[in-house]
Amino acid sequence: MRLLTISALVLSSLLSAKAFSDAQPVHFMGCNFNEGKNMDDMMDYVDKWNKALGDEEGYTAWVMTPTFTSTPDTPDFVWVGAWETLSSMGQGMDAYMANNKVTAVDSKEWPATCEMNTLWSSTNIREG
């Protein structure tokens, strides 16, 4: 019985380590447009931001807009950014800061106020 318990604990910890190593960090920002701003302004910002990033790999981003919702306080859009791994997130952040890419696009140009800003860990459970 003791061997079975130890085996279960070892297997559990290995599976947990595997799930953690496979985790994909995903950043969400739920935003509402500032007065007089709209999605055209957001896409202008996105164009400048993509040029500032250049050919940097390992980061994928989406701007998501609601199609329908059950809550009245749904944001105008959600910015979603994902990295392949926690390591690639760290490397991308280091490169972004080191290359002054953070100042290449003036944050004053960001056309929205984002009340939700959160980083989640995602594990793929099914390929499409």
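Is Lys 48 buried, partly exposed or exposed? I looked this up first, keeping in mind that the model is predicted. Lys 48 comes out at 44% relative accessibility, so I wrote it down as partly exposed.

**Entry: the salt bridge**

I searched the whole structure for salt bridges and found one. It joins Glu 109 to Lys 48, with 2.8 Å between the closest N and O atoms. Next I checked where the two partners sit in the chain. Lys 48 belongs to helix H2 (residues 39-53), while Glu 109 lies in the loop between helix H4 (101-104) and strand E4 (112-122). They are 61 residues apart, and I noted that the pair links distant parts of the chain. I looked up Glu 109 as well: its relative accessibility is 33%, so Glu 109 also counts as partly exposed.

**Entry: helix H3**

Then I turned to helix H3, which covers residues 86-98 and has 13 residues. From first C-alpha to last I get 18 Å, close to the 18 Å expected at 1.5 Å a residue.

Which residues of H3 are buried? My list reads Ser 88, Met 89, Gly 92 and Tyr 96. Looking down the axis of H3, I see these buried residues fall within an arc of 105°, so they line one face of the helix. On the other side of H3 I found exposed residues: Ser 87, Gln 91, Asp 94, Met 97 and Ala 98.

My last stop was the start of H3. There, a side-chain oxygen of Thr 85 comes to within 3.4 Å of the backbone nitrogen of Ser 87. I had already met Ser 87 among the exposed residues of this helix.

How values were computed
Residues are numbered from 1 along each chain as its sequence is written. This is a predicted model: local features need pLDDT of at least 70, side-chain atom pairs count only at pLDDT 80 or more; totals for chains, interfaces and linings use all residues. Side-chain values use heavy atoms; hydrogens and water are left out. A salt bridge is a side-chain nitrogen of Lys or Arg within 4 Å of a carboxyl oxygen of Asp or Glu. Helices (H or I, at least four residues) and strands (E, at least two) are DSSP runs, numbered from the N terminus. Buried means under 20% relative accessible area, exposed over 50%, partly exposed in between (1.4 Å probe, protein chains only). The expected span of a helix is 1.5 Å times one less than its number of residues. The arc is that of the directions from the helix axis to the C-beta atoms. A polar contact is a pair of N or O atoms within 3.5 Å; within protein, one must be able to donate a hydrogen and the other to accept it, and residues adjacent in sequence count only if both atoms are side-chain atoms.
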